[in-house]
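Me: I'm new to reading protein models and would like a close look at one part of this one. Could you walk me through the surface patch and the helix it starts from?

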Amino acid sequence: MKLVLGIVSLLIALVIVGKLASTQLSAVRDSSVAPTGDAAQASVPAQSRRLQEQVTTDVTKALEQGTAARREAADQ
């Protein structure tokens with residue numbers, strides 16, 4: 001009797017987890033937005049180059065802001 005109750009409980013838990021997983025996956029699929037314009041037509045290497053340039057620009061900007069903050073702190 002305990003074995004049957006354990007198996008039924010396990011199956012119920014498995015169904016609940018499966019429902020939650022399918023809900024989460026459908027939410028992720030619905031929220032993903034298809035790229036539009038240039039991103040939809042760009043090749044993977046072009047997207048990679050654009051992303052590398054964006055990261056380089058962001059890092060440079062952050063370093064410049066840090067340098068300016070240090071100069072201001074040193075002046076005070």
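Reply: Let's begin with confidence, since this is a predicted model. In the protein, helix α3 (residues 44-75) has the highest confidence, at a mean of 91, while helix α2 (residues 38-41) has the lowest, at 58. Averaged over the protein, the pLDDT is 85, and 83% of the residues score at least 70.

Those two helices belong to a simple layout: the protein has three helices and zero strands, running α-α-α from the N terminus on.

Now for the patch you asked about. V4, V8, I12, I16 and L20 make a nonpolar surface patch of about 450 Å². One of these residues, V4, sits in helix α1 (residues 2-31). Is V4 buried or exposed? V4 counts as exposed because its relative accessibility is 52%, and the cut-off for exposed is over 50%.

Of the 76 residues of the protein, 0% count as buried. The accessible surface of the protein comes to about 7,100 Å², and carbon and sulfur atoms account for 64% of that surface.

How values were computed:
Residues numbered from 1 in each chain as written. Predicted model: local features only at pLDDT ≥ 70, side-chain atom pairs only at ≥ 80, totals over all residues. Heavy atoms only, no water. Helix = DSSP H or I, 4+ residues; strand = E, 2+ residues; numbered from the N terminus. Buried < 20%, exposed > 50% of the residue type's maximum accessible area, 1.4 Å probe, protein only. Areas by Shrake-Rupley, 256 points an atom, 1.4 Å probe, with all protein chains shown as cover. Patch = residues over 30% accessible without salt bridge, like charges linked within 9 Å, V, L, I, M, F, W, Y side chains within 5 Å. Salt bridge = Lys/Arg side-chain N within 4 Å of Asp/Glu carboxyl O. pLDDT = per-residue confidence, 0-100.
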